[in-house]
Amino acid sequence: MEKYSSKLAAGLVSAAVFIVISPLSAIFAEISPIITSQQIEADWLRQEKLRNISKVSTDGKVKPEQDAIGACDGVKDGKWGFHTENENKPWWQIDLGRRMALDRLVLYNRCDFPERTSRIIVLLSTDGETFRQAYQHDGTAFFGYTDNKPLVINLQNTQSRYVRLQLPQKSYFHLDEVEIYARGSNHNIALGRPATQSSVSQWSKPHFQKQHHNFLRIDEVVRRGLKLAESLQQLGADTAGQIISLKSIAEKTGKLPWDAPENIQRSLYIQARRVVREMALTNPLLDFDKILFVKRAPGTLPHMSDQYYGWWSRPGGGIYLLENFKSEKPRLRCLTESWPAGNFLRPELSYDGTKVLFAYCRYYPHVAGMEKVDKDKLPEDAFYHIFQMSIDGTDIRRLTYGRYDDFDARYLPAETRRHAQSNHDIVFLSTRKGQFVQCSKAGSASTNQATLPDSYVRCGGDNKRPCAVFTLHVMDSNGENLRPISAFENFEWMPSVAHDGNIIYARWDYIDRFNGHFMSLWSTNQHGSNPQLVYGNFTEKPQCIFEARAIPNSHKLIFTASAHHSITGGSLALLDRSRGTEGADPITRLTPDVCFPEAEGWSPTYYANPYPLSEQFYLVTWSDRPLPPHHGSSQVTDARNPVNALGLYLYDSFGNLELLYRDPEISSMYPIPVRRRNKPPVYPDTVDWEGMQEGRFLVLDVYKGLQNQSQASSAIRHGSIKQLRIIGVPPKTQPHMNTPNLGVSKEDPGKFVLGTVPVEKDGSAYFRVPSGIPVFFQALDENGLAVQTMRSLTYVQPGQTLSCIGCHESRDSVPSVTTQPLAVQRKPSKITPGPTGSWPLRFDRLVQPVLDKSCVSCHQPNSSNEIAARLDLSPAKSYENLMSFADKDLEKLAFEKDRSIIGQCTAAQSKLLESLANGKGHEDLQLNDDDFNRLVTWMDVYAQRLGSFSKHQEEQLRELRQKMTALLAE
């Protein structure tokens with residue numbers, strides 16, 4: 001407590017106020033009632049109204065069931081509610097739930113193509129198998145919305161459960177709305193009922209089914225409950241009595257008339273939900289009595305990145321224990337009752353269940369409106385910092401300090417021995433990466449003594465909304481021995497520890513490609529070496545793979561499919577990496593009632609914070625409101641961004657959702673069972689943090705992947721790759737969106753060319769590189785032209801050797817080396833630096849000297865050659881004119897692309913290079929090797945004007961080059 005008490009007085013609040021607090025009995029004061037039967041029943045009915053029963057397609061495509069319900073959603077606007085393909089005898093069909101006497105159909109047509117349905121047929125069925133024709137229209141066009149004259153079809157009290165509408169000819173089929181009325185009623189019984197259709201078209205879209213008056217899905221509750229009963233029996237629970245009760249309720253429900261009074265329906269519905277809840281809370285996997293969780297309000301700037309900055313926080317809440325949650329009288333205990341108003345974030349429980357890690361920032365009302373780049377003007381405790389305390393709320397210790405956001409702390413199984421004591425390492429996220437060109441332990445340690453500037457995302461922000469990059473760091477459990485275990489250039493999110501001891505996390509991998517949807521899942525070992533993709537490098541749906549956790553007794557992961565432009569939340573999904581690393585195949589949607597937000601649409605509800613008990617059962621949070629919208633740099637503080645959207649629930653894969661706790665005033669989040677858990681294996685720390693700041697890369701065979709994936713394999717013949725070019729990526733140093741403009745996309749990463757290393761005849765390469773610098777590689781042919789380029793980043797830690805099988809090989813492949821690669825039979829290669837002007841990268845020093853020497857004499861406004869004068873290559877105009885050459889050919893080639901295609905790199909395809917080096921020359925122009933290398937290097941490094949974000953960063957890169965002289969062959 002000494003360190004906590006002394007520093008708290010200077011940093012957060014006075015120790016006397018913060019530590020000498022009310023007696024423990026006040027901290028643990030019971031709040032009563034915690035949850036009532038009325039609250040539970042109200043939540044059931046709220047779920048019934050909001051949880052969509054239209055399931056989302058697993059391949060991301062619109063399903064017939066999703067499009068079809070657009071005709072029974074109560075929306076009438078004269079447009080199409082559903083839309084089939086152009087096919088023979090297309091149809092649409094609805095299931096009314098049970099057989100009943102039907103009085104009439106009322107059809108509202110699509111009003112701009114009414115003639116297509118002029119011969120519409122009505123078919124009825126009691127079993128969904130055998131249909132009989134009840135009506136065919138006479139060929140006259142009908143409308144509905146525009147003239148208030150829908151087509152009314154008298155069904156004369158015919159008994160039916162299924163209604164099918166069909167066209168007799170080949171056509172598109174579409175209607176605006178279908179209403180169905182039973183005998184003696186004016187209530188539209190089609191509202192909210194499941195529907196389907198014969199096909200979907202390019203105009204089909206998912207609709208979200210709304211529940212309407214006088215219709216409770218008792219049969220769905222029974223169906224889900226019986227599935228739960230079967231699963232619990234396999235776990236050893238006795239559910240025989242509940243099965244009998246559910247079947248009895250189902251029998252009574254089946255005998256109800258269609259217009260049974262709401263109170264009768266409600267009574268049976270509540271009975272069924274009570275039976276299901278009783279079963280759910282006897283689950284043998286609930287072998288704990290306490291749940292640790294947080295009450296908090298989401299931040300005022302809804303975005304996947306901004307949500308974790310202290311300056312956007314809102315006050316209220318704290319760290320809580322929900323005790324005896326399975327009983328009729330659960331208790332609630334606040335562990336942080338006397339803390340100053342602030343915001344608490346993403347806790348973690350130690351492996352023995354005795355200690356809690358969490359982040360906290362104090363709330364200052366004025367901070368959100370301030371310019372925030374000058375951090376010294378902000379209160380130090382307005383940033384999130386990491387704390388640790390015992391599970392009873394005592395032994396509080398602050399672990400991080402300074403004007404940096406530190407959060408998402410997770411206990412690692414690894415231990416570090418310092419001062420004759422054993423400390424468990426803690427991995428966490430932090431903005432301490434800052435503007436270091438080379439990440440190192442010394443750099444991270446310096447953040448404890450000074451307020452250093454942040455690095456920023458490239459595609460957003462300004463002085464009031466600086467988007468500071470946060471990445472993975474590690475420290476001892478006493479807050480010492482801080483070091484960066486990631487050198488990644490951009491954001492990383494939500495680490496957790498997998499069964500094998502690796503850290504899994506998300507990272508935003510938009511390197512020379514679109515920024516929208518590449519928040520993929522990665523892993524690294526406990527000390528930060530060997531960063532590897534787990535899933536989603538090219539996958540667009542979902543956009544963000546957040547909150548990934550390993551599932552007990554399973555090789556699968558659970559994650560939250562989240563949105564780019566909102567807070568964390570969305571649909572829950574299982575990832576089975578044995579089924580692939582991209583696309584829909586490895587994914588099973590656990591909550592198909594919610595689409596992947598932003599990538600597929602926006603649902604009226606969302607899930608978050610899944611904690612797996614098994615592949616079937618989870619603690620989760622559920623919101624009965626939609627995700628809050630993002631509005632650039634504007635705060636959202638109205639009802640669209642409520643402070644109280646989320647509650648704690650028990651969820652299962654059959655669709656049962658049982659409320660455990662909900663505070664009507666503020667969200668409850670991040671549920672964690674309070675119990676011991678198995679500790680993953682510990683990896684030895686082989687990183688030489690204090691040693692030479694360099695490492696090595698070993699590529700076994702660059703042709704693994706190049707030959708297999710090439711569209712023209714003959715062009716990637718064995719022996720054709722001669723070198724690898726190494727490009728470093730420095731951090732962005734300005735907070736303003738797309739400023740400065742480095743290249744053609746305006747959000748290009750910074751770049752500097754370290755140089756090239758040789759590739760041996762067998763395709764192997766072995767070379768030294770500086771540690772702590774994010775780099776990517778290009779495979780070069782005998783002319784120095786890039787054949788393939790990474791659109792991701794990698795790095796090594798001090799003293800580490802990182803190996804890969806090939807170049808763009810399958811990530812699931814294994815080495816097939818039977819002989820020692822040629823490259824490892826010698827010392828690792830030094831790097832041959834690139835041409836002058838490539839480190840730091842500057843067009844005016846890399847390319848303009850070639851133009852001045854060989855081109856400007858003709859290509860300038862005063863030239864006697866009128867044709868040449870049209871292409872001004874003098875320093876003031878040369879960059880823009882080269883990018884515009886041949887109908888902006890180079891600009892199109894260099895612009896961001898979601899993936900690199902082998903053999904289709906910029907210089908090799910450039911019409912500009914072809915005109916200069918096609919063998920015939922350009923006006924007798926002869927490029928020497930250095931000139932050619934300069935042009936090719938510039939084009940293949942995406943033809944940027946600049947590679948760094950400031951004069952100061954350029955100087956840092958020059959200093960780095962001097963520092964790394966021992967690694968360079970010059």
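A residue is called buried when its relative accessible area is under 20%, exposed when it is over 50%, and partly exposed in between (1.4 Å probe, protein chains only). The structure is a predicted model, in which local features need pLDDT of at least 70, side-chain atom pairs count only at pLDDT 80 or more, and totals for chains, interfaces and linings use all residues. Residues are numbered from 1 along each chain as its sequence is written, and side-chain values use heavy atoms, with hydrogens and water left out.

Side chains of opposite charge can pair when their charged atoms come close. A salt bridge is defined here as a side-chain nitrogen of Lys or Arg within 4 Å of a carboxyl oxygen of Asp or Glu. The model holds 51 salt bridges by this rule. One of them joins aspartate 408 to arginine 346, with 2.4 Å between the closest N and O atoms. Aspartate 408 belongs to strand S16 (residues 406-418) and arginine 346 to strand S12 (residues 342-349), so the bridge ties together parts 62 residues apart in sequence. Helices (H or I, at least four residues) and strands (E, at least two) are DSSP runs, numbered from the N terminus. Aspartate 408 is buried, at 1% relative accessible area. Arginine 346 is also buried, at 7%.

Glutamate 380 pairs with arginine 398 in another salt bridge, the closest N and O atoms lying 2.6 Å apart. Glutamate 380 sits in the loop between strand S13 (355-362) and strand S14 (385-390), while arginine 398 is in strand S15 (residues 397-398), so parts 18 residues apart in sequence are tied together. Both residues of this pair are buried.

A further salt bridge links glutamate 760 and arginine 826, at 2.9 Å between the closest N and O atoms. The two lie 66 residues apart, in distant parts of the chain. Glutamate 760 is in the loop between strands S35 (752-758) and S36 (765-770), and arginine 826 in the loop between strand S39 (801-804) and helix H11 (843-846). Glutamate 760 is partly exposed, at 21%. Arginine 826 is partly exposed too, at 26%. Elsewhere, salt bridges with shared partners join Arg842, Asp844, Glu954, Glu955 and Arg958 into one network.
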